[in-house]
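Hi,

Here is the structure I promised to pass on. Have a look first, and my notes follow below.

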Amino acid sequence: MIIDCHGHYTTAPKSLEAFRQKQIEGLKNPAVSPVKDSLKITDDELRETIEKAQLRIQRERGTDMTIFSPRAGGMAHHIGNAATSELWTGICNELIHRVCTLFPKNFVGVCQLPQSPGVRPDNCIPELRRCIEEYGFIGCNLNPDPAGGYWTDPPLTDKWWYPLYEAMVELDVPAMVHVSSSCNPAFHFTGAHYINGDTTAFMQFINSDLFKVFPTLRFIIPHGGGAVPYHWGRYRGLAQDMGKPPLQEHVMKNVYFDTCVYHQAGIDLLTRVIPADNILFASEIVGAVKGIDPESGHYYDDTRRYIDAVTTLSAADKKKIFEDNVHKVYPRFAKAVAAR
């Protein structure tokens with residue numbers, strides 16, 4: 001089985017975005033603020049958006065299942081307040097649940113969290129529990145910067161986050177560290193802010209003893225780990241200068257990278273630097289880069305093709321990347337699939 005650990009509902013019906021725009025307008029004019037029941041999306045609309053996009057691409061590229069979550073750029077935790085985020089998050093997670101119910105052989109859910117700048121992460125625990133226990137989701141997306149490019153909340157390693165981590169450990173679910181849209185004009189959201197978030201999170205983990213406190217806590221850092229694999233010597237050296245254990249002992253029992261890297265040389269580097277035990281296959285479809293690479297003639301985000309072409313990986317290592325590591329990082333995956 002080939003499992004894509006990183007897929008977002010980027011093709012949701014246009015009525016979802018229309019609801020969001022009304023919600024944003026309602027922050028200034030409460031008279032136009034929509035109620036949840038005003039959003040009407042039929043199963044046929046959901047089928048059409050999935051069958052023509054994610055499901056078609058799955059079939060064309062030979063992948064079997066996608067771990068599916070709301071559109072990352074749409075989380076926009078910096079908009080409004082905690083109540084705004086709670087309503088929006090609940091709606092987005094419900095749509096993911098409906099898609100997974102309609103296509104049980106193709107998708108399994110991961111939830112968005114109702115984060116808000118300055119609001120303690122404890123606020124996210126009820127929604128996390130609801131999605132795991134009621135919807136059968138297997139993980140969550142965690143935004144290390146709810147301020148949308150201004151980084152006003154404490155680092156991921158601060159005790160500020162500990163209640164959420166305690167719930168994750170209890171439920172035995174990982175988090176993908178994933179920023180959302182950027183409201184800081186200095187940072188393009190997919191080209192800069194995403195990669196900044198990935199790199200920053202890894203450095204925060206190095207600079208702490210978080211995994212001594214939570215030895216079973218697990219994080220996936222997407223987009224190939226940001227700048228981390230390219231600067232692996234820098235991070236090894238920084239850890240050494242800080243008196244930390246080697247990275248393999250210090251963080252790599254708890255941190256995993258995905259393969260959302262959109263060229264062969266990048267995947268070659270990732271798989272040579274990062275152990276196969278710490279890599280999960282992913283493509284982010286339909287995601288940040290949708291076009292065809294004129295140098296190869298193939299879609300940039302056809303990441304299975306890159307893994308297949310890596311000559312330094314054994315068949316066993318490729319199986320780890322495509323399937324086995326998902327079972328290790330997402331222990332609820334097998335149960336969720338069996339339940340279908």
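A quick definition to start: rings of Phe, Tyr and Trp (its six-membered ring) pair if their centres lie within 6.5 Å, with planes under 30 degrees apart called stacked, over 60 edge-to-face and the rest tilted. By that rule there are 16 aromatic pairs here. Take F281 and F322: their ring centres are 5.2 Å apart and the planes sit at 65°, so this pair is edge-to-face. F281 is in the loop between β8 and α13 (303-309), while F322 belongs to helix α14 (residues 315-329), 41 residues away. F281 has 1% relative accessibility, so it counts as buried (under 20% relative accessible area; exposed is over 50%, partly exposed in between, with a 1.4 Å probe and protein chains only).

Before you go further: this is a predicted model, where local features need pLDDT of at least 70 and side-chain atom pairs 80 or more, while totals for chains, interfaces and linings use all residues. Residues are numbered from 1 along each chain as its sequence is written, and side-chain values use heavy atoms, leaving out hydrogens and water.

Ring pairs also join Y162, Y165, F205, F211, F214 and F219 into a cluster. F219 stands opposite V255 in β7. Strand β6 (residues 219-221) pairs with β7 (residues 255-258) in the parallel sense over three bridges; pairing takes at least two DSSP bridges, and strands are DSSP runs of E, at least two residues, with helices being H or I, at least four, all numbered from the N terminus. Both strands sit in an open five-stranded sheet, ordered β4-β5-β6-β7-β8 with parallel pairing.

Cheers
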